[in-house]
Amino acid sequence: ISRCGMVYVDPKNLGYRPYWEKWLNGRKADKDILAKLFDKYVPTCMDMIVEGIVDGRVGDRLKTIVPLTNLNMTTQLSHMLDALVPATGGGESTATIGPILLEAYFVEALCWSLGAGLLEDGRV
């Protein structure tokens, strides 16, 4: 805590979930599906890229072109989803797409956001 009463939080201790949850709150129509897709794919991918953990075993971290943090990759994911499945001012999806198509868009955004900074050897 600083002298002016500000509380400092290290981004490593905070993680990427608060950013994702704030972004998700702006998505009214597809919020529940996106939350399930995030929980299904992102933690496993983050563990593999950042920590090198695959199926509970620690291995080598994947090599990246530029240094990436889990918060940075989550930010990229949310921007990709905004581009692929934009929301209107009220938070409603521009098109009523089904959950299968939304999952396809999510996986594409996941590949191009989390996988974008990986070297060719890490793109499994």
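Both W20 and F38 are buried, where buried stands for under 20% relative accessible area, exposed for over 50% and partly exposed for what lies in between, with a 1.4 Å probe and protein chains only.

A word on the ground rules. The model is predicted, so local features need pLDDT of at least 70 and side-chain atom pairs count only at pLDDT 80 or more, while totals for chains, interfaces and linings use all residues. Residues are numbered from 1 along each chain as its sequence is written, and side-chain values use heavy atoms, with hydrogens and water left out.

## The chain as a whole

The protein chain has five helices and two strands, arranged along the sequence as α-α-α-β-β-α-α. These elements are DSSP runs numbered from the N terminus: helices are H or I with at least four residues, strands are E with at least two. The chain has 124 residues, and 27% of them count as buried. Its accessible surface is about 8,300 Å², with 58% belonging to carbon and sulfur atoms; the areas come from the Shrake-Rupley method with a 1.4 Å probe, and for residues only the protein chains shown count as cover. Take the contacts (heavy atoms within 4.5 Å) between residues at least 6 apart in sequence: 70% of these join residues at least 24 apart.

## The aromatic pair and its neighbours

Back to W20 and F38. Rings of Phe, Tyr and Trp (its six-membered ring) pair if their centres lie within 6.5 Å; planes under 30 degrees apart count as stacked, over 60 as edge-to-face and the rest as tilted. Five aromatic pairs follow from this rule. In one of them, the ring centres of W20 and F38 are 4.3 Å apart and the planes meet at 15°, so the pair is stacked. It links distant parts of the chain, since W20 sits in helix α2 and F38 in helix α3, 18 residues apart. Both residues also belong to one aromatic cluster, formed by Y16, W20, W23, F38, Y41 and F106.

T74, in helix α4, also reaches this region. Leaving aside residues up to four places away in sequence, T74 touches Y16, Y19, W20, F38 and M46. T74 is itself buried, with a relative accessible area of 1%.

A nonpolar core here is a set of buried Ala, Val, Leu, Ile, Met, Phe, Trp, Tyr and Cys residues joined through side-chain atoms within 4.5 Å. The largest one holds 22 residues, of which W20, L34, V42, L77, L81 and F106 touch the most other members. At least two residues of this core come from each of α2 (17-25), α3 (31-51), α4 (70-84) and α5 (99-114). Helix α3 supplies the largest share, six residues.

Just after the helix, G52 takes a positive phi of about 80°.

E51 is in helix α3, whereas E103 and E108 lie in α5. The table sets out their relative accessible areas.

| Residue | Relative accessible area | Class |
|---|---|---|
| E51 | 45% | partly exposed |
| E108 | 37% | partly exposed |
| E103 | 23% | partly exposed |

E51 and R61, ten residues apart in sequence, are 5.6 Å apart in space. E103 and L37 are 66 residues apart along the chain, with their C-alpha atoms separated by 7.0 Å. For E108 and L84, 24 residues apart in sequence, the C-alpha separation is 9.0 Å.
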